[in-house]
Amino acid sequence: MTELAPTVDLIINSRRRRAGRHAVLLALLIAVVLALFGITLSVGQSFTPPVEVIRVLIGQDLPGTSFTVAQLRLPRAVLSILAGMCFGLGGVAFQVMLRNPLASPDIIGITSGAGAAAVFAIVVLSMTGPMVSILAVAAGLCVAVLVYGLSFRNGIAGTRLILVGIGMSAMLQSVIAYILSSAPAWSLQEAMRWLTGSVNGAQLSQALPLFLALVLFGGLLLSRTRDLEALQLGDDTAAALGVRVATTRMLIIVCAVGMIATATAVTGPIAFVAFLAGPIAARIVRGNGSLLLPSALVGAILVLAGDYVGQLLLPSRYPVGVVTGALGAPYLIFLIVRVNRTGGSL
Amino acid sequence: MTTHSFAANRLSAGYDDREILQDLDLTISPGKITVIVGANACGKSTLLRTMSRLIFPRQGQVLLDGKSIHQTPSRKLARTLGLLPQSPVAPEGITVADLVSRGRHPHQSLFSRWTRQDDEAVDSALAATKTFDLAERPVDELSGGQRQRVWIAMALAQQTDILLLDEPTTFLDINHQIEVLDLLTDLNRARGTTVVMVLHDLNLAARYADYLVAMTEGRVHAFGTPEDVLTEDMVRQVFGLESRIITDPISARPIMLPIGRHRMASNETAHVTEKEEKRL
């Protein structure tokens with residue numbers, strides 16, 4: 001403790017290095033999102049030169065090109081980014097808070113709950129617009145509370161919560177399937193949206209609820225980054241560090257469910273994006289700072305890239321959820337095998 | 001360093017319908033090392049958890065400077081009262097420096113930036129626990145002893161005047177147990193930190209404690225210096241074990257030698273048989 005003066009500089013440097021790496025990684029992820037955004041706008045069934053894309057974006061009217069870029073591609077790309085961010089951020093919040101990558105909202109039934117409510121509202125009640133989102137958020141919260149309540153016994157045990165959640169998810173999936181199958185004249189396109197998630201038929205007006213959810217819930221969540229970092233060390237340690245564990249957890253759940261459910265109400269439950277974004281971000285960040293923003297960006301990348309692959313690079317057209325689902329399922333199996341061995345956390 | 005009064009006052013606590021602590025009084029001596037011992041399920045962990053506000057008491061209070069800790073704002077409390085729980089979780093891939101810096105949580109607010117004071121606290125915590133050279137290493141690569149030192153460093157970075165530890169030596173090899181207890185003693189001597197911990201090993205407890213608390217059935221059975229508390233009668237009443245207490249030639253503290261039914265030199269066997277007979 002006598003040699004305090006020189007060593008503290010090493011600590012400061014080490015902290016700045018971590019912050020620097022975090023900034024670089026964020027910049028890289030943003031660059032990838034922008035690159036994918038650009039590709040989605042310019043390279044589709046036909047190629048639109050970047051110059052023309054920009055001219056359309058700043059409001060010029062180019063016959064034909066304007067329709068392709070502004071009406072077809074732009075809403076799709078914007079919706080992909082916003083929904084991806086919502087899924088990524090909501091997913092990682094759950095995973096970090098419950099210290100288990102399997103505790104993602106799409107595994108423990110929250111996404112299916114929001115999806116079931118949205119399908120019910122649209123098909124049975126013939127509702128549209130913001131009411132669907134509100135109902136989806138409410139249903140997501142109900143499922144969260146229900147799963148939480150059912151798995152509560154002398155505190156929350158992660159495994160019990162996940163098992164209860166998987167059961168809940170299976171049940172709600174069958175509700176979605178039931179409503180869809182009993183609906184008259186329901187198109188396959190629409191059905192796919194509610195079963196695996198899709199950005200087909202995207203409209204720019206749908207971006208507004210997503211944007212609001214991101215600003216409101218995402219902002220609130222980001223303001224709690226430090227509390228989340230304390231919760232990562234275990235509930236007891238977090239409490240010892242002065243975090244009000246129960247209150248903070250409620251707040252995080254509300255924020256995460258708010259984002260996940262809003263996104264689900266618009267694009268359907270895009271399979272495994274919430275589940276994959278956090279662990280992928282963790283591999284990228286490798287201990288250099290918070291996972292929240294990186295996970296949001298990874299979520300955007302997953303949806304953008306997944307949709308692009310599904311639309312253009314596969315022999316036939318698939319909705320984005322089919323592609324992300326194909327990516328996520330093997331990882332889920334890998335995780336279950338590994339968690340069984342190590343009880344690993346995020 | 002300021003001295004704080006810290007006491008449990010007629011404390012009752014438990015889980016569900018099981019009452020574990022019953023009407024317990026305990027005053028912790030400031031600037032000293034107090035070690036709580038007792039058989040499994042005697043309530044020693046529950047006492048520590050209640051005194052660190054992880055459990056809300058049914059009756060009674062835990063008083064820090066005369067104020068109930070369960071009514072003190074949690075962030076403010078966390079600047080005076082630190083706790084190292086039994087099994088903290090290290091997130092995958094986190095580095096030592098990052099983990100230790102999380103101990104600064106109660107000193108930071110939503111918009112406050114990282115200050116030089118924070119860096120100095122982290123630095124001195126790493127130095128005190130001799131983990132400075134590990135600062136850039138991921139915690140999951142460390143040995144059990146190193147890892148425990150890192151967790152203690154995190155608790156030190158919190159810079160609390162009182163530090164509670166729940167079995168800080170569990171799962172450690174004997175050399176690392178001694179290392180951790182020496183470290184806590186250094187800390188107590190150098191900074192005057194009040195240390196309260198639960199230990200499993202009676203002899204290590206007697207060696208390192210200024211005051212021993214022996215608990216049984218949710219009550220304080222005996223409280224005092226190791227010499228006063230670690231007696232053959234206490235071991236029999238609290239642990240149901242026959243034993244001999246001798247003086248440790250190294251620390252001059254009492255040391256407990258258990259008497260089982262086997263492997264005894266002949267005169268010791270006679271000694272026990274005689275005692276057994278007397279009781280019958």
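Student: Is the crossing in which H8(A) passes H11(A) left-handed or right-handed?

Tutor: H8(A) passes H11(A) in a left-handed crossing (the near helix is turned anticlockwise from the far one by less than a right angle; clockwise would be right-handed). The model is predicted, with local features needing pLDDT of at least 70 and side-chain atom pairs pLDDT 80 or more, while totals for chains, interfaces and linings use all residues. Residues count from 1 along each chain as its sequence is written, and chains are lettered from A and ligands numbered from 1 in the order written.

Helix H8 of chain A spans residues 207–223 and helix H11 of chain A residues 245–267 (DSSP runs numbered from the N terminus, at least four residues of H or I for a helix and at least two of E for a strand). Their axes come within 9 Å and cross at roughly 165° (lines fitted to C-alpha atoms over the stretch in contact, with angles from 0 to 180 degrees between N-to-C directions). H8(A) is therefore roughly antiparallel to H11(A) (over 145 degrees; under 35 is roughly parallel, 65 to 115 roughly perpendicular, the rest oblique).

On the H8(A) side, the residues that meet H11(A) include A:Pro209, A:Leu214, A:Phe217 and A:Leu221. Their counterparts in H11(A) include A:Ile252, A:Cys255, A:Met259 and A:Val266 (contact: C-beta atoms, placed from the backbone, within 7 Å). The residues of this contact divide into 13 nonpolar, 3 polar and no charged (nonpolar: Ala, Val, Leu, Ile, Met, Phe, Trp, Tyr, Cys, Pro; charged: Asp, Glu, Lys, Arg; polar: the others, Gly among them).

The axes of H5(B), residues 144–157, and H6(B), residues 174–191, come within 9 Å and cross at roughly 20°. H5(B) is therefore roughly parallel to H6(B), and their crossing is right-handed. B:Gln148, B:Arg149 and B:Ile152 are among the H5(B) residues in this contact, and B:Glu179, B:Val180 and B:Leu183 among those of H6(B). Here the division is 5 nonpolar, 4 polar and 2 charged.

Between the chains, 31 residues of chain A are in contact with 38 residues of chain B. Helix H2 (74–77), strand E6 (81–84), helix H3 (96–101) and helix H4 (116–128) of chain B each supply at least two residues of the side touching chain A. H4(B) gives the most, with 7 residues. That side of chain B divides into 20 nonpolar, 10 polar and 8 charged residues.

Note on methods. Contact = placed C-beta atoms within 7 Å.
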